[in-house]
Amino acid sequence: MSDLATNRPVVITGASLYGDTKADLVLVDGVIASLSAKDAPTDAVTIDGTGLIALPGLVDLHTHLREPGREDAETIASGSLSAARGGYVAVHAMANTTPTADTAGVVEQVWSRGLEIGLVDVFPVGAVTVGLGGTQLSEMGAMANSRAKVRVFSDDGKCVHDPVVMRRALEYVKSFDGVIAQHAQDPRLTEGAQMHEGFVSGDLGLTGWPAVAEESIIARDVLLAEHVGSRVHICHLSTAGSVEIIRWAKSRGINVTAEAMPHHMLLTDESVRGYDPRFKVNPPLRTQADVDALHAGLADGTIDIVATDHAPHPDEDKDCEWASAAFGMIGLETAVGIVQKTMVDTGLITWRDVARVMSETPASIGRDEAHGRPLAKGEPANVTLVDPKAAWTVEPTATASRSNNSPFGGIELPGRAVATFLRGRATHVDPRFEGAFS
Amino acid sequence: MTGTILGASDIARALTRIAHEIIERNGGAHSIVLLGIPTRGLPLAHRLAQRIAAVEPDFDAAARCGALDITMYRDDLHKQPTRSIGATTLPAQGLDDAVVVLVDDVFHTGRTIRAALDAIKDLGRPQAVQLAVLVDRGHRELPIRADFVGKNLPTARTERVSVLLEETDGEDAVRITGRDDSAGESK
Amino acid sequence: MKHLLSTQDLSREDAIRILDTSEQMAATQDREIRKLPTLRGKTVVNLFFEDSTRTRISFEAAAKRLSADVINFGAKGSSVSKGESLKDTALTLQAMGADAVVIRHWASGAAERLATSGWMYGSVLNAGDGTHQHPTQALLDAFTMRKHLVDSPTGSDLAGLTVALVGDVLHSRVARSNIALLKTLGATVVVVSPPTLLPVGISQWGVKISHGLDAALDEHQIDAVMMLRVQRERMTGGGAQFFPSPEEYTRMFGLDGDRMRRLPDHGIVMHPGPMNRGLEITAEAADSARSVIVEQVSNGVAVRMAALYLLLAGEEGVQ
C-alpha cells in the first residue's frame, strides 16, 4: 500500500454518485474540492469512474479486530486492510478482546493503533460491564472522555441480560450521548445452543438457539429504552419476530436502531447440514422466512443499517467438529457485494439507500461526525467506489484478514469495492487502477 | 459370434452320466451329499440328486442337497463391486464324515473351488470332497481338478461361456460367445 | 457404500440389502467356526471419544469375525484426552492405514466431519454422534423387528407395521436413526413423549405423536414398542426441568406388565440398552417372553458385520 500512500490529489471522472448522479470527484487535501474534473490540479491522479458507483465511505458499526489478545486471528493492521478492501473507511471495534475494552487505557490503545495504521478510522466500542461479566458497569464515562471518544458500548458476544444492569447502562450513557448496542440473547434459553432451533436442528441433533431468545430480549430492551428515554441499538437482528418488534417499537416512537448482517441476509440454517463450522455463527443462520423478513425490514427502514459482525477465527478453531468450533464469520470484504446481490439487484433498495444503511446511518449511530457525510464540495474526502459489474467468486483464503473463516466460499457476488479513499488518500485500489498512482 | 455348444438333451445326458459316475466312484450313494455353488450350481446339484435317487431309492434327494455360498471366501472381493451374499444351507446330516460333491456350472480358473474348499473347512470335516462340473473350459490357475465333467470345452481366454438352465434362465443350453471376433481386439 | 453415517442417507433398497446381508451374517454365527476370512488384511479402528463398552465390543466382535485387524482407540488415557483434535487423530489413523474408522463421538456431526473433511480416506462408520444418529442401532432394531414381525423377512421392508418409540426423542440418536429408517422401510411411527422431550419441528417428521403411553396404546395397534433410555440426572437436575420427577415420568411413560399386556399377541418389547429398570421399564416387561432386548444385542453383531462387509469388501471407489 505504501505506493498508494501519497498525498497527491485524486480526480475520479464520470462516476455515478449514489448510483443516480453522474459527476466527477476531485479530492484535494482530504476534502472533496470539486465535483468537476476541470478543477483538478495538474498533478492529480486520474481514475476513470465510468460505470462505478461512488458512495460516502462505508462505516461498519460491528467489527471484531481481535487485538489485543487474539492476534493469531486478526490484528488491527490486518483487519484495517481487510476493511479498506471491503470499501470501509471506519470500523467500530468490538470490546470482547483480551483484555476486555472496558477501560480508557485499552480503548485508547486500540484507537491510537488504528490511527497509526491509518487505513480506516478504528473506533473502539467500550464494554458495558467489566470483563463482559454482565454485573458491574464498566467506567463508560472515562472511555467516553478518553482520546478514543467512545460513544458505542456493547458486551457483544454476550447479552446484557440482567434487566437492572441494562436499565442503568441505558440511563448512564445519556450523559455523553452514548448508545448501548445490545447482543440480544437470553442466556438461559440458549444454554449449549449450536444453531437455529427448528426443523433442521431437530434433524441434525444440534441444540437449538430459539428465535424467542433474541426476540424476548429485544422486546424488553425497547420497552426499557422507552421507559428511561434512552436510545438503544440492537445488534445483528436475525429473526422475523425481531423485525416485527423493532417495527412496532419505532411506530411507538421509541429511539431504537437495528442492524442486519450480510450472512443473515443470504444464508439459512439449511447450510448447517454437513456440519461445516464455517456456517456456525451467533446469532445463528435462520430460516428463509427470517431472511425474507430482514430484506423487507431493511427495505422499509425498520432495520437502519447493515453491519458485518466480521469475526475472524484461526483455522484450528473451525477445522474441527461443529460443537467444538468457534462462532463467527469474516465478512468485511464481502458485505457490499452481498448487499448488492440481495437488496439492490433485486430492486428492494437503491444505491442511495446503500449509502444510507452502510455509511450515513451507522456513522450517525456511532456519532462519527466526519463519516457518512454527503458527496459534496467541502465535505471530507471519504469515498468508496463500487463496481457493480465486477462479478467475482469468493475465495476464503484470498482475503487481507488473517483468518479464512468466510462462509461464502464459492458464492458468486455481482460487485465489489474497487477503491477506497480515507480523507482523500487511497487505502485500497483495484489492480486495474494501480497504474494511475505510479 | 455365438454358438450353442450343448442343447437341453446334451445337458440331460451329461448329468445322467455324472450321476452314475458319482455312484460308481463311491460304491453307492450312502455317504454322498451334494453342495451346489450358487447361482447355477444349485439347480445342477438338485438335478444330480434326483438322478442319483432314481438309481438309489434310499437316497433322499432333497435332504442330501445343500447350497454353498462362497462370496465371503473369495480372493477377488477387493477387485470387484461389492457382491451380495447368498444363503448357505447344509444337508440335514451336516458335512462331517460325508463325501461332499461340490457342483458348479463352469470350471475355469479354479479360484471358486479354492474358496469353496475353504468354506467347507469352516463348516465341517468331510470324509472326502469331490467336484462335479457341467463344463470344464480350462485355463486353471490353481492345482485343482474336477472328478466329474459333463463336457470338456477348449476355449480362448477372451471367450465367454454361458450356462443357461431352465430353473434360472428358462431354457437349458451352453453357449460360447466372443469367439474369433474378439481375437483382434485389444482390451 | 463408502460410509455409513446416517439412516437418512439409506434408500429402501440400501436398507433391505443391509438387512438381507445381516441375515446371512447371522446364519454364520450359528456355526461352530464363526470366523470368516472375508476382511483379512483390512484394518478397522474403533475410535471412541465417548465410553460405550457395549457398542465397542459389538463392533470389535463383528470386525474380528470377518478377520479384520482391530485397533481400539479410546479417548481416555490417549492423546485425545490430552486435547488432540479430531483432525489430528484422523491424520494419525490415516497414516496408520485404517481402512475403516468406527467412530463414537459426543458431538453431533463428528462422523460426517470425519468422512467429508478430507482428513482421511477410509470408510467411516458412525457408531453414535452426539444426539444425531446411530445407524447400526436402527438397522439392528429393524432387523429384529423384521425377523419377528414379517412373515417372509428376506427381501422385505416393514410396511404395515406400527412402531412406538417411547421417551426422550429430543436427545436420542437412537430415536432419530430409527424414525428415519422405519419411515424408509414403510412402517408407521408413533412417538410417545412429553412435549418437553420432543424436538421443535417434529410435526414435520411424518410421525404420529402421543403424550402418554396409555393414550398411544388406546389409539394404535402397536407391533413393537421401543423404550428409550431416560438419563435421570439430565432430565430433572441442573434446572433442565424436562419433567417434574422420575416418578411422574414412570406413571405416564413407563412400560410395566399391565401396559405390555395391552399390546397385540405378537407385539414385541425393545430397548437399545442400557436400561433403567424401574424408570422407563419394569423388570416384568424387560424380562418377559415378549422382550427381544437380549436378542437385539446379538443381532447387533450380525448387522455390524454386514455393514463392515458392505463398506469394505468391494473394490475401492466402486459402489
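**Figure 1. Accessible surface and overall build of chain B in the predicted model.** Chain B of this predicted model has an accessible surface of about 8800 Å², and carbon and sulfur atoms hold 48% of that area. Four helices and eight strands make up its secondary structure. Read from the N terminus, the elements follow the order β-α-β-α-β-β-α-β-β-β-α-β. The C-alpha atoms occupy a box of roughly 55 × 40 × 30 Å along the principal axes. Of the 187 residues in chain B, 49% are buried. Of the contacts in chain B between residues at least 6 apart in sequence, 70% link residues at least 24 apart.

**Figure 2. The second largest pocket, with residues of chain B nearest its centre.** The pocket holds about 1000 Å³ of space. Its lining consists of 31 residues, and those nearest the centre are Arg74(B), Arg83(B), Asp104(B), Asp105(B) and Thr112(B). Strand 4 (99–107), helix 3 (111–123) and strand 7 (160–164) of chain B are the elements that give two or more residues to this lining. Helix 3 of chain B has the largest share, with five residues. By class, the lining of the second largest pocket contains 13 charged, nine polar and nine nonpolar residues.

**Figure 3. The largest cavity, with residues of chains B and C nearest its centre.** Two cavities of 30 Å³ or more are found in the whole structure. The largest cavity contains about 100 Å³ of space. Among its 14 lining residues, Asp69(B), Met72(B), Thr88(B), Thr28(C) and Arg31(C) lie nearest the centre. Helix 3 of chain B and helix 1 (12–28) of chain C each contribute at least two residues to the lining. The largest share, three residues, belongs to helix 1 of chain C. The lining of the largest cavity is made up of eight nonpolar, four polar and two charged residues.

**Figure 4. Secondary structure and extent of chain C.** Chain C contains twelve helices and nine strands. With a radius of gyration of 19 Å, close to the 20 Å given by the globule rule for 319 residues, chain C is as compact as a globular protein of that length. The C-alpha trace of chain C extends over about 55 × 50 × 35 Å along its principal axes. Buried residues account for 61% of the 319 residues. Of the contacts in chain C with a separation of 6 or more, 74% are between residues 24 or more positions apart. The accessible surface of chain C is about 12200 Å², with 49% of it on carbon and sulfur atoms.

**Figure 5. The second largest cavity, lined by residues of chain A, and two cis peptide bonds.** The second largest cavity has a volume of about 30 Å³. Its lining is formed by Leu65(A), Arg66(A), Glu67(A), Ala93(A), Met94(A), Thr97(A), Ala101(A), Val110(A), Pro124(A) and Val125(A). By class, seven of these residues are nonpolar, one is polar and two are charged. Most peptide bonds are trans. The bond from Glu67(A), one of the lining residues, to Pro68(A) is cis, with omega near 5°. Pro68(A) is in the loop between strand 6 (58–63) and helix 1 (76–85) of chain A. The bond from Thr98(A) to Pro99(A) is also cis, with omega near 0°. Pro99(A) lies in the loop between strand 7 (88–93) and helix 2 (104–117) of chain A.

**Figure 6. Positive phi at Lys149(A) and His236(A).** Most residues other than glycine have a negative phi. Lys149(A) has a positive phi of about 45° and sits in the loop between helix 3 (140–145) and strand 9 (152–153) of chain A. With a relative accessible area of 57%, Lys149(A) is exposed. His236(A) has a positive phi near 20° and belongs to strand 13 (residues 232–237) of chain A. His236(A) is buried, at 2% relative accessibility.

**Figure 7. Surroundings of Asn404(A).** Asn404(A) is in the loop between strand 17 (392–393) and strand 18 (412–413) of chain A. This residue is partly exposed, at 21% relative accessible area. Beyond its neighbours within four places in sequence, Asn404(A) contacts His313(A), Asp315(A), Ile330(A), Pro396(A), Thr397(A) and Thr399(A).

Note on methods: Residues numbered from 1 in each chain as written. Chains lettered and ligands numbered in written order. Predicted model: local features only at pLDDT ≥ 70, side-chain atom pairs only at ≥ 80, totals over all residues. Heavy atoms only, no water. 1 Å grid on protein atoms, 1.4 Å probe; cavity = no way out; pocket = protein on both sides within 12 Å on 5 of 7 lines; lining within 4 Å. Points joined across faces, edges and corners; volume = space filled by probe spheres on them. Nonpolar A, V, L, I, M, F, W, Y, C, P; charged D, E, K, R; others polar. Rg over C-alpha atoms; globule rule 2.2 N^0.38 Å. Buried < 20%, exposed > 50% of the residue type's maximum accessible area, 1.4 Å probe, protein only. Contact = heavy atoms within 4.5 Å. Areas by Shrake-Rupley, 256 points an atom, 1.4 Å probe, with all protein chains shown as cover.
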